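Please open the structure in a viewer and keep the selection panel at hand.

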Amino acid sequence: GSLLTLILFRAVQGLGAGGLIVLAQTSLADLVSPRERGRYQGLFAAVFTTCSVAGPLLGGFITEYASWRWIFYVNLPIGAVALALIVSGLPKRVPGPAPKLDYLGALVMMAGTSCLLLLLSWGGNTYAWTSVPILLLAAVALTCLVVLVLVERRAMQPVFPPDLFRNRTFVTAAIVLSLAAMALFSAVVFLPLMFQLLMGASPLVAGLMIAPLMGGVITASTLTGRLVARTGRYKMLPVIGLFIATTCYFLLSWAVRASIGVPPIEVILAALGLGMGSTMPNLTTGVQNAVARSQLGAATASAAFFRSLGGALGVAMAGAVVAVYLHDFMPGGWHAPSSGVLQLSSLSATERDAILSAYRTGLSAAFTVGAIIAALGFLIALTLPDRPLQPRQQG
């Protein structure tokens, strides 16, 4: 099939897959007490992180030794097993009245989000920041935000219930979640490129070199989830986690600029994983604890949206920062993702050194931005209300 066909079917797949994580977290919140949610959210985050690492590595292995088409075929038996477990394992409930979907709100939200992401992706790279397309995207994104507020106030079952935004815990946790995801993905997206370009690793090895980061996330998610279940408190965990993340990002920025070797960077990544693993699952627990049981689905979905939006903005923002430095320092318009990392070997020593220097400076700046974002999340997390988790379900 054509590339357009692949994109269209990927969109269809996204319609089904987009709600899986939110539905899993909402079901979990419905089945266990608020006090126990920390433990299970930690396990959920650990499994998700493990699969996030194993998936790309397995995909690269399949693509290299079989065919890229098999990265889709292999999901069929996995999906069948997951479906069977859902059908046989989840308790059956009497369905309530059919929901009235807020199609207009969803459409306006998608339009505004798309314009915002395009603005950050194209600004300073494809188009100048003061160019007509960028200004037009900014105007449309702002207009969509205003229209979304008006639409949600009138919708019978809005995508974003206005009551949630009068809940201080939800608003604070959602902002911190978004900033934490923004900081995390602004780094993760460039780590493989850093290991390949600056440290000479192969694509497969570069993927494996991120394992300490994910190992830290898994460890912290599991241990802090148990701690939350034992103490019934969660606020200090994201506060401490974001402080650790801020420190690690500054260390990463310095390490890249100073050409520090691989072992210290791996230690920094492991610590960064511990910080992020202490933050994101426990913020989701805090969100679910702050709302009534009837709002669990809407609150969890809204928090997941802001987390996903933060991750996407983090990738776009980091890309924009790196692009600025490449535009200023890169000779001849060479660009690794489009020209290919392997083409470095065909360049002269002078050109190769200039290219690596430009990337080193740009990546260091991107990690500095990640540190600033994490620091902002830390400051906002200090204002997070610390409502004790109850041992029994909310009414």
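Helices here are DSSP runs of H or I with at least four residues, and strands are runs of E with at least two. By that criterion, the protein has 17 helices and zero strands. The model is predicted.

Begin with the whole protein as a surface. It exposes about 20,400 Å², of which carbon and sulfur atoms supply 71%. Of the 395 residues, 42% count as buried. Among contacts between residues at least 6 apart in sequence, 81% join residues at least 24 apart.

Next, select helix α13, residues 262–277. Its 16 residues should span 22 Å at 1.5 Å a residue, and the end C-alpha atoms are 22 Å apart, which agrees. Colour its buried residues: I265, E266, I268, L269, L272, G273, G275, M276 and G277. Then display the helices against which these buried residues pack: α8 (168–188), α9 (191–199), α11 (211–231), α12 (236–257) and α14 (280–289).

Now turn to the largest nonpolar core, which has 83 residues. Which residues have the most contacts inside this core? They are M194, F195, L213, Y249, L272, M276 and F367. The largest share of the core, 13 residues, comes from α8.

Finally, centre the view on Y249. Leaving aside neighbours within four places in sequence, Y249 is in contact with A183, L184, A187, L272, M276, F367, G370, A371 and A374.

Definitions and conventions. Residues are numbered from 1 along each chain as its sequence is written. This is a predicted model: local features need pLDDT of at least 70, side-chain atom pairs count only at pLDDT 80 or more; totals for chains, interfaces and linings use all residues. Side-chain values use heavy atoms; hydrogens and water are left out. Buried means under 20% relative accessible area, exposed over 50%, partly exposed in between (1.4 Å probe, protein chains only). Contact means heavy atoms within 4.5 Å. Accessible areas come from the Shrake-Rupley method with a 1.4 Å probe; for residues, only the protein chains shown count as cover. The expected span of a helix is 1.5 Å times one less than its number of residues. A nonpolar core is a set of buried Ala, Val, Leu, Ile, Met, Phe, Trp, Tyr and Cys residues joined through side-chain atoms within 4.5 Å.
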